[in-house]
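Please open the model in your viewer and keep the selection panel at hand. The stops below can be followed in order.

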Amino acid sequence: MNPKAHQPDSLPAPGPSALAQSEALVAQLRAELEAAGGWLPFDRYMERALYAPGLGYYSGGARKFGRRADDGSDFVTAPELSPLFAATLARPIAEALQASGTRDLMEFGAGTGKLAAGLLNALDALGVAFERYSIVDLSGELRARQRETIEAAAPALAAKVRWLDALPERFEGVVIGNEVLDAMPVRLFAFGGGAWHERGVVWRDDAFAFDDRPVCAAADIAFLAQIEAAGDDYVTETHEAASAFTRTICTMLTRGAAFFIDYGFPRHEYYHAQRAQGTLMCHYRHRAHGDPFVHPGLQDITAHVEFTGIAEAGVEAGADLLGFTSQARFLLNAGITEALSEIDPSDTARFLPAANAVQKLLSEAEMGELFKVIAFSRGLDDTLAAFSSGDRSHTL
Ligand SMILES: C[S@@+](CC[C@H](N)C(=O)[O-])C[C@H]1O[C@@H](n2cnc3c(N)ncnc32)[C@H](O)[C@@H]1O
C-alpha cells in the first residue's frame, strides 16, 4: 500500500475500492521503479498511471467524463457538453469524405461514445454515404460504455461500428481524435543551476517524488537548447508519444483527412519564457491541480499539445497540413450558429442549455481559443470550408 497516500484537503477523498485500485497500481509502479534502479522518466510513470491494464485511469473503472463532480466524473469534454459539437464537426467530415471519395471513419479515444453516436446520426442526416465507423481506444473498459451509448442514441447505425485492436496498415477515409493527443505521456524537463535536467520519478519518504537528472542524450540537448528558459525552476514538457502517434496515423492514412482537436499552442507560444511551470495538469472531480502523485490511477493527468511538433510529425509522414485554427473559428466556419438556430428559441428547455454550451465551445475565455483544430490530408485538392477563414497554419 501507499503509506502516505497524497490526499490534498481541497480534493474529495476516494472510496475504499478506488483506493484499493490505486494502492495496487502504486505497488506495481514501485516494483517497476525498483527494477529500473530507482528512477523512472515521467512519461513512463504517466503511461502506467493512465493505461496500466485494469488499474490505470483510462483502463480502470473511473467514471471520467461527465458534467459534475457529484456524478463521480472528473472533467467534461466538448462532445459531452453539447450534441451540437458532433453535429457541426460532421460537416467538415462530410466534406472531406466527399472530396476524397472515401467512405470510412476512424475515431481514436472515443470516450463515452457520444461523439461517435452524434457523428453517425449527423452524417446520416446530411445524406453522406459511409460504410464503417471504427473505434480505437487504449481503454478496453470504455468499449462497453461506447457500445451502450451508440446503441441507445443511433440504433439504426450501430451495426456500422466496430472496435479495432490493431491499426490497419492503410486507411482511406476520415480520422477523428478529440482530446486524444493531450492524454499521451510527456517527458518533463526542468532548468536549474544553468543546465537542463530530465525530471523523473523516485520513491522517497514513503511517497512518489520528482527527481532531476542531468540530460545526456544529444537529441534532448539539441532540442532543449532552442528553449529560452526564463531562469531556474523553469519546467516544461516534450511530446514524443504524441508525435509518434501522429506519424503513425499520417502514414496509415493513404487517402482522406485526419482531424485532431485539443488544447495547446504552436511551439513559439508553448516554450515561452512566461510559461515557466509547464502545462502538466491533473483532473479529479472537476478540480484541476498540478500534483500527478495524488491517487495514481484515479485522476487524469494531461499536458497541453505542442502543435508545431504535431504538424512536423504529420508532414514528415507524407501528409499535407490541411489547416490549423482555433476551435471557435473552426466551429463558426463549419456552421455551429446555423445548427443552434435550428432549435426553436421559444423551446427554452432545449434552447437555453444549447446556447450556453455553444457559448462555452466558442468563448475566448473558455474553450474557443485555447482549443485548436489541426487537420492533415492526402489526396484532397482544396481546403475545407471549416478552414476557409482564420487559418493559422503559418503560426506553426
Ligand atoms: C481525454 S479522453 C477524450 C475522450 C473523448 N474523445 C472525449 O472527447 O470525450 C482521451 C482518450 O484518448 C484515449 N487514448 C489515448 N491514447 C490513445 C491512443 N494511442 N490510441 C487510442 N486511444 C488513445 C484514452 O484511452 C482516452 O479514452
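Begin by selecting Ser82, Pro83, Leu84, Ala86 and Ala87, which among the 26 lining residues of the second largest pocket lie nearest its centre. A pocket here is an open set of points on a 1 Å grid over the protein atoms alone, where a 1.4 Å probe fits, with protein on both sides within 12 Å along at least five of seven lines, and lining residues have an atom within 4 Å of a point. The volume of this second largest pocket is about 470 Å³, counted as the space filled by probe spheres set on points joined across faces, edges and corners.

This is a predicted model, in which local features need pLDDT of at least 70 and side-chain atom pairs count only at pLDDT 80 or more, whereas totals for chains, interfaces and linings use all residues. Residues are numbered from 1 along each chain as its sequence is written, and side-chain values use heavy atoms, with hydrogens and water left out.

Next, colour α3 (78–81), α4 (83–100), α5 (114–125), α6 (141–153) and α13 (348–362), each of which supplies at least two residues of that lining; helices are DSSP runs of H or I with at least four residues, strands are E runs of at least two, and both are numbered from the N terminus. The largest contribution, six residues, comes from α5. By class, the lining holds 17 nonpolar, four polar and five charged residues, where Ala, Val, Leu, Ile, Met, Phe, Trp, Tyr, Cys and Pro count as nonpolar, Asp, Glu, Lys and Arg as charged, and the others, Gly among them, as polar.

Then move to the open sheet of three strands, ordered β14-β13-β15 with antiparallel pairing, where two strands pair if DSSP finds at least two bridges between them. Its edge strands are β14 (287–289) and β15 (300–302), each pairing on one side only. Select β13 (residues 281–284), which pairs with β15 over three bridges, and pick out Met281, whose bridge partner in β15 is Thr302.

Finally, show α8 (residues 240–252) with α10 (residues 307–316): the contact, meaning heavy atoms within 4.5 Å, involves Ala242, Ser243, Thr246, Arg247 and Cys250 of α8 and Gly309, Ile310, Ala313, Gly314 and Glu316 of α10.
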